[in-house]
Amino acid sequence: MSEKKYKLITLDELTEKIARYNPDIDTSLLRKAYYFSHEAHCSQKRVEGTPYIDHPLSVASILSDMRMDTTTIIAGLLHDTVEDTETNLDDIEEIFGKEVAFLVGALTKLSKMKFRTKEEAQAENFRKMFLAMAEDIRVILIKFADRLHNMRTLQYLPKPKQRRIAKETLEIYAPLANRLGIGWMRIEFEDLSFKYLYPDVYKSLLKKVAKRREQQEGYINEVAELVKEKLKEYNIPGEVSGRVKHLYGIYRKMQMQKIPFEQVYDVLGLRIITDTKFHCYEILGLIHSLWKPIPGRFKDYIALPKSNMYQSLHTSVIGPKGERVEFQIRTEEMHRIAEEGIAAHWIYKENGKIDTKDARYIKWLRELIHSQKDLKDAKEFLEVVKGEVVPEVVYVFTPRGEIKELPAGSTPVDFAYSIHTEVGHRCIGAKVNGRIVPLRYQLQSGDTVEIITSPSHGPSRDWLKFVVTQRAKSRIKQWIRTEERKQSLELGHRILEAELRKRGLSPSLIKSETMEEVASSFSMKSVDDLLVSIGYGKVSEKQVINKLIPEKKETEEPQIKKAARREKKAKGIRIIGIDDILYHRAKCCYPVPGDQLIGFVTRGKGVTIHRKDCPNLERLAVDDARLVDVEWVSEDGAVTRARLYVETVDRPGILANLSTLMSSMNVNISNLEVKTTSDRRAHLTFIIEVKDRQQLSALAQKIASTDGVLGVRR
């Protein structure tokens, strides 16, 4: 196995390439797009020093490898013009039409918008791309071609950028290509990402595979000849060829099964391509009659196709001389679908429309976008998409025999939500293969699942700990948010009504126009939103009354506000968008200056300040409405409490050494707990006073390098 070399293509070569599968190509429009792109990018060069036009030309060439229509290839030639040059979409629409303009617009990054971080900007760009992809699948196919050429020329970029792009390709583009059934592209994405993320492992594996191929090529050819003779003897048509498992596939198998390369037996295998489904099964029977099949290694993806329409029979046998051999058996049409996926159905289709059969490729995406339409955080949306493109699945049955495909690890609750949201909400139990199982039971391929429901039941927050499908997660969170909003609305109404009565005012003021103005002054869309905020504790009823009747505003500040101001001054924390509210720092994570913060509103207790990476937030943050932005306000000389867990060998003098070390770094110890174990280890919990995260990190590093210390963490 050797690395591929990629050759640049000329416009004439591109035109000839397209004409081979599309003789009716409009060459004049294609040339116009090339010269338009060439002129737009004329002053630009790629990092490697080549003219920029080489990139859009290479993207168009990859699209022609996928046998795409002329509109898509023209959009590929123009995909960077709006983002990187003075060109605008109106120019493109006027010359090349609405379709091309839509595709180019969908691929143009949101460079005009301001984002707090690069990650946030990237996530928003992905969200935009996925929304457009659900409307016209060609958007993602052009993006695939763009990313593939960038990956092929990644060696010219600095190493940190190589790793970032490779990681993104492996996490998003490769599984998405797999979900859309474009097998050859998924393999290239994975192997190129592997090369830059784990260069040493990649080189080592490349050599080992080449050596294995050299050693076993003769053996594989011998087995292939035996199979060919048998096919001829039984008059079954079929082409037999050797195949090599791709590098990342081998690496992933080694990692998942925790085995060395020497124990990966399916590095080399055989693929048999025949003419009909019937002959696929006939060939399978023939192979099993020749050699003993390995139990558990047979998979029938013809009867149960993957979600990306992949169909094939896989089996492993103990072949001649006791060697293991893997076979893939499929028809020519199945092979084309396995390699090209949705692109195999694309030729000559107009306006980005796909038929009912092909729509199954992106049904999951449309459902996902519909279920996540209210999700405001683009980063969360991106995580949801990542969760949806995982390739590992299980196949389970409804009591009526319908097949449901779910991600590996799915539970009866995931199954219930896959049927209908209401079935999920009302689920109280499940039977698998006729036996009652816990709701957290992990479904296995072949299980028949029956859901038991109750009309008076609702989802539990605990379900979020074990469900794996994004559909189930989003529906449960949505239900919890709705229920909590209802409760907070009622609570807020009661609190404000009681305060109005206490001031001798009529509760009918809550429904007045004046109250709507008060809600608007708090930047809220409605009085209901204001009441919800009171219920959550984000806004106090006294603040509302003071806005309602400013002339009766109290001159004395309530003690709670004074306490809040003292806390604010002492700790140097500012809660964005909220004034005069009590808060305290969470003792589960002890945030210090330099940490990224988030606030969680607790009814009646004000705001609890957590670190953004606090593990407790996942449990708390079902409702985004209860989260508030928080930032540090720098104060010279101020110190903040922090916590350090230190594990040491239990021996005399260690505690004294650590105390001396902290003293030398001007760190005061406020509290200390010591626990020892029977295996002569000591667990020390220090509560200390530090200036910021930098000082805390420096201290942790010094402690970690102290003799006898086994580990340090916050």
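Visitor: What makes His 683 in strand 19 the partner of Glu 647?

Guide: A bridge does: His 683 is the bridge partner of Glu 647. Keep in mind that this is a predicted model, where local features need pLDDT of at least 70, side-chain atom pairs count only at pLDDT 80 or more, and totals for chains, interfaces and linings use all residues. Residues are numbered from 1 along each chain as its sequence is written, and side-chain values use heavy atoms, with hydrogens and water left out.

Visitor: How do you know that strand 17 and strand 19 pair?

Guide: Two strands pair if DSSP finds at least two bridges between them. Strand 17 (residues 640–649) and strand 19 (residues 681–690) are joined by ten bridges and run antiparallel, so they pair.

Visitor: Why are strand 18 and strand 20 called edge strands?

Guide: Look at the order in this open sheet of four strands: 18-19-17-20, with antiparallel pairing. Strand 18 (668–676) and strand 20 (709–713) each pair on one side only, so they are the edge strands.

Visitor: What lies across strand 17, strand 18, strand 19 and strand 20?

Guide: That's helix 26 (residues 654–664), running at about 15 degrees to strand 19. The angle is taken between N-to-C directions, from 0 to 180 degrees, with axes fitted to C-alpha atoms, for helices over the stretch in contact (heavy atoms within 4.5 Å).

Visitor: What makes a residue count as buried?

Guide: Buried means under 20% relative accessible area, with a 1.4 Å probe and protein chains only. Of the 714 residues of the protein, 48% count as buried, so 48% fall under that cut-off.

Methods: Buried < 20%, exposed > 50% of the residue type's maximum accessible area, 1.4 Å probe, protein only. Helix = DSSP H or I, 4+ residues; strand = E, 2+ residues; numbered from the N terminus.
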